[in-house]
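The following note reviews the sheet, its hairpins and the core of one structure. Please read the points alongside the sequence and the coordinates.

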Amino acid sequence: MIADSIKKKLTNHLFQQNEWVKKDLSKHKSKSILFNIGPIHYALMINEAGIPEYLEYIDSYDAEIKLTISSAIELMRGNKNVHIEIKGDIEFATILSNALKNIEWDFEDDLSKIIGDIPAYQVVKLGKKIVQNTKETSFNIADT
């Protein structure tokens, strides 16, 4: 499936840009986790290098994090008092969740390889404005 191929490439790229996650996750090699956010399912497994990799299919897992879409929206808004269900290896789930909160995508660097440094800077600057405005509008609509 094309969507799974994109998810896999993006996930692997993000974690390769953020290799610091290896420090916290290296002791959890071969463990897997399933994220259930409403109808969206996303599975990761820690590889031998200590870096999470996307899995298209997962039959069994060591930990599961489950939340509703509205809870996910509240988390994005900064509300820490949302209902999150964690099953299985709670230590592993907590470490991976904390790592995910601090992951950063250096999309300016990726874009600069395609269109150059200055245009990439301008596109990212514009993109950040659009994302911020969209986020604010979405939260206002959700509040309403």
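1. Contact, as used throughout this note, means heavy atoms within 4.5 Å. On that basis Leu96 touches Leu25, Ile33, Phe35, Leu44 and Pro52, residues up to four places away in sequence not being counted.

2. As to the basis of these remarks, this is a predicted model, in which local features need pLDDT of at least 70 and side-chain atom pairs count only at pLDDT 80 or more, while totals for chains, interfaces and linings use all residues. Residues are numbered from 1 along each chain as its sequence is written, and side-chain values use heavy atoms, with hydrogens and water left out.

3. The fold contains an open sheet of 5 strands in the order 3-2-1-4-5, with mixed pairing. Strands (E, at least two residues) and helices (H or I, at least four) are DSSP runs numbered from the N terminus; two strands pair if DSSP finds at least two bridges between them. Strand 3 and strand 5 (85–88) stand at the edges with a single partner strand each, so one side of each is left without a neighbour in the sheet. From one strand to the next, the twist averages 20°; axes are lines fitted to C-alpha atoms, for helices over the stretch in contact, and angles run from 0 to 180 degrees between N-to-C directions.

4. Strand 1 and strand 2 pair in the antiparallel sense over 6 bridges. Leu34 has Ala43 as its bridge partner in strand 2, and Ile37 has Ile40. These two strands form a hairpin with 2 residues between them, and Gly38 in the turn has a positive phi of about 60°.

5. Strand 2 also pairs with strand 3 (residues 52–55) in the antiparallel sense, over 4 bridges. Here the hairpin has 5 residues between its strands, and Gly50 in the turn has a positive phi of about 90°.

6. Helix 4 lies across strand 1, strand 2, strand 3, strand 4 and strand 5, running at about 65° to strand 1. The largest nonpolar core has 20 residues, where such a core is a set of buried Ala, Val, Leu, Ile, Met, Phe, Trp, Tyr and Cys residues joined through side-chain atoms within 4.5 Å. Helix 4 gives the most to this core, with 5 residues. Among those with the most contacts inside the core are Phe92 and Leu96.

7. Beyond its neighbours within four places in sequence, Ser32 is in contact with residues including Leu44, Tyr61 and Phe92.

Notes: Buried < 20%, exposed > 50% of the residue type's maximum accessible area, 1.4 Å probe, protein only.
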